[in-house]
Structures are given as C-alpha cells and as structure tokens.
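Subject: Structure handover

Hi,

Here is the structure I promised to pass on. Please open it first, then read my notes below.

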Amino acid sequence: ASSWCASLIASIARMAGAFLPERGQAEIWAAGPDAVLVGSVTPFGTARPTPGGWLVAGRWPYISGIAHSDWALMCGLVESGTGSEARLFALPRSVYRIEDTWHSVGMAATGSNTLVLDEVFVPEHLSFDRADLFAGRAGEARATGPAACHRAPLQAVNGLMFAAPAVGAALGMVRTFSAYFAEKVGNAPQLPGTTGVQGVRASAEQALARSAGEVDAARLLLERAA
C-alpha cells in the first residue's frame with residue numbers, strides 16, 4: 001500500500017509539474033518540494049466556465065492517499081456549445097472533503113476514499129486541458145522547461161505507476177520466502193514417518209528459482225519500458 005501511494009503521488013506531481021501554468025506550479029510548491037498531490041484523470045466532476053476560471057464540483061472515488069494530501073488534481077467535464085472537454089483542476093486541501101468509502105480488505109491501507117467537492121472557483125492558472133496530458137503537449141511557452149520525460153504522453157508512462165508496486169511486491173515476496181525457507185531447512189527437526197521440510201526441499205527450490213527468474217524478467221522489462 002505504501003508503494004502504491006508513493007507511486008501515484010509521484011505520478012500526479014509529474015502531471016502538475018509539467019502541464020500546469022508556471023503560476024500554478026509556484027502556488028502548489030510555494031512551501032517547498034514535499035507537497036503531496038493525489039488525483040484522478042477520470043472525469044467524475046463537472047465544471048462551468050466563469051470569468052477568470054471555472055466553477056468545479058463533483059465526487060471522485062478511489063483517491064489513494066487522500067488523507068495525506070496537500071493538493072488534489074481532479075478531472076471534470078466542461079460543457080460548451082459544441083460538446084464537452086475534460087480538464088484537470090488543482091484543488092488545495094482546504095476546499096474538498098474526504099468521505100469514508102474505502103472498505104477493501106486487500107490494500108486497505110491505501111485509504112482510497114472519495115473526494116467530495118462542493119462547487120468552488122478554480123482560477124485559470126490551476127487548470128489544464130486533459131488532452132494535452134494525454135498527448136504530452138506541455139505548451140509552447142514551456143517547451144524548454146520540463147524535461148522530455150516529464151512531457152511524455154500519459155499512455156506512455158501511466159502503466160508504470162501501477163506496475164512498479166506489483167513488481168516490488170513480488171521482489172519482496174521472493175526475498176521473504178527465500179529467507180523463511182532457508183531458516184526452516186536449517187532448523188526443522190526430522191519427524192519419523194513424514195517427509196518433513198527436507199522432503200519438499202527440491203520442489204520448493206525449483207519454485208523459488210522459477211519465481212525469482214520471472215520476477216527479475218518483469219523488473220527488467222519494466223525498467224526497459226521506463
């Protein structure tokens with residue numbers, strides 16, 4: 001759960017740092033580099049244009065790490081005469097509420113509760129077009145600002161934030177099992193009439209070797225993709 005939250009927080013910060021106007025970036029990180037950002041690119045919210053920005057409201061479920069957040073980067077649909085467009089809006093912690101809706105058994109510690117936002121004003125410098133995020137368009141004014149890796153199209157990097165914690169968990173499991181089984185082999189007593197730990201040693205070592213190889217391969221593939 002810690003790895004999952006850390007991965008998402010880093011990824012959301014990458015989005016804000018690359019695609020928000022510089023004034024918005026300065027506001028988020030005014031107190032230093034450690035602001036915790038959470039968010040969602042799913043347009044569960046709505047936004048109405050108003051002079052200088054938008055009026056935004058909505059309910060966004062499954063926002064991991066929200067209890068520790070300083071800011072949230074949430075997506076909402078802006079209706080216009082020709083249709084709708086999805087935009088991302090940066091919201092300070094003071095304007096949204098947290099609703100306790102996360103009752104999962106697995107990964108319970110991610111605290112992926114629901115963000116609730118009554119209609120609030122969001123200025124232009126705290127918003128950007130979701131299409132730019134998906135396409136990796138950081139804007140002409142900032143073309144020489146964020147490094148290319150921060151301006152990568154979302155589809156090129158989005159999977160990394162979800163895959164990295166899974167591969168990390170698998171690596172940890174291999175290490176844990178290896179240490180556990182080594183201790184059992186060294187200390188388990190021989191029991192008359194049973195195969196005991198020694199009797200399954202070969203099959204366990206084969207399973208460990210196969211799992212370690214698969215996890216190493218997954219890690220190499222993930223690093224290559226990154």
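Start with a salt bridge: arginine 201 pairs with glutamate 205, and their closest N and O atoms are 2.8 Å apart. Keep in mind that this is a predicted model. Both residues sit in helix H6 (residues 201-225). They are 4 residues apart, about one turn of the helix. Arginine 201 is partly exposed, at 35% relative accessibility. Glutamate 205 is partly exposed too, with a relative accessible area of 39%.

**Other salt bridges**

The whole structure has 7 salt bridges. One of them joins the side chains of glutamate 119 and arginine 48, at 3.0 Å from N to O. Glutamate 119 belongs to strand E6 (residues 113-123) and arginine 48 to strand E1, so this bridge ties together parts that are 71 residues apart in sequence. Glutamate 119 has a relative accessible area of 46%, so it counts as partly exposed. Arginine 48, at 44%, is also partly exposed.

Arginine 59 and glutamate 99 form another bridge, with the closest N and O atoms 2.8 Å apart. This pair links distant parts of the chain, 40 residues apart. Arginine 59 is in strand E2 (residues 53-63), and glutamate 99 is in strand E5 (residues 97-99). Arginine 59 is partly exposed at 42% relative accessibility. Glutamate 99 is partly exposed at 31%.

**Nonpolar cores**

Nonpolar side chains tend to be buried together in soluble globular proteins. Here the largest nonpolar core has 38 residues. Those with the most contacts inside it are Ile28, Val56, Leu73, Phe89, Leu115 and Leu117. The elements giving two or more residues to this core are H1, E1, E2, E3, strand E4 (83-92), E6 and H4.

What does leucine 73 touch, beyond residues up to four places away in sequence? Its contacts include Ile12, Met15 and Ala16. Val38, Leu88, Phe89 and Phe128 are also among them. Another core, of 5 residues, lies apart from the largest one. Val167, Leu171, Val174 and Val215 are among its members.

**Helix H1**

Helix H1 covers residues 2-19. At 1.5 Å a residue, its 18 residues should span 26 Å. The end C-alpha atoms are 26 Å apart, which agrees. Its buried residues include Leu8, Ile12, Met15 and Phe19. What covers the buried residues of H1? The cover includes helix H2 (22-28), strand E1 (37-50) and strand E3 (71-80). Strand E7 (127-129), helix H3 (130-135) and helix H4 (154-187) are also part of the cover.

**Cysteines**

How many disulfides does the structure hold? The count is 0. Cysteine 5 has 11% relative accessibility, under the 20% cut-off, so it counts as buried. Cysteine 75 is buried as well, with a relative accessible area of 0%.

**Histidine 125**

Histidine 125 lies in the loop between E6 and E7. Is histidine 125 buried or exposed? Histidine 125 is buried, with a relative accessible area of 11%. Its side chain makes a polar contact with the side chain of glutamate 27, at 2.8 Å. Leaving aside neighbours within four places in sequence, histidine 125 is in contact with Leu20, Pro21, Arg23, Gly24 and Glu27.

Best wishes

Terms used
Residues are numbered from 1 along each chain as its sequence is written. This is a predicted model: local features need pLDDT of at least 70, side-chain atom pairs count only at pLDDT 80 or more; totals for chains, interfaces and linings use all residues. Side-chain values use heavy atoms; hydrogens and water are left out. The expected span of a helix is 1.5 Å times one less than its number of residues. Buried means under 20% relative accessible area, exposed over 50%, partly exposed in between (1.4 Å probe, protein chains only). Contact means heavy atoms within 4.5 Å. A disulfide is a pair of cysteine sulfur atoms within 2.5 Å. A salt bridge is a side-chain nitrogen of Lys or Arg within 4 Å of a carboxyl oxygen of Asp or Glu. A nonpolar core is a set of buried Ala, Val, Leu, Ile, Met, Phe, Trp, Tyr and Cys residues joined through side-chain atoms within 4.5 Å. A polar contact is a pair of N or O atoms within 3.5 Å; within protein, one must be able to donate a hydrogen and the other to accept it, and residues adjacent in sequence count only if both atoms are side-chain atoms.
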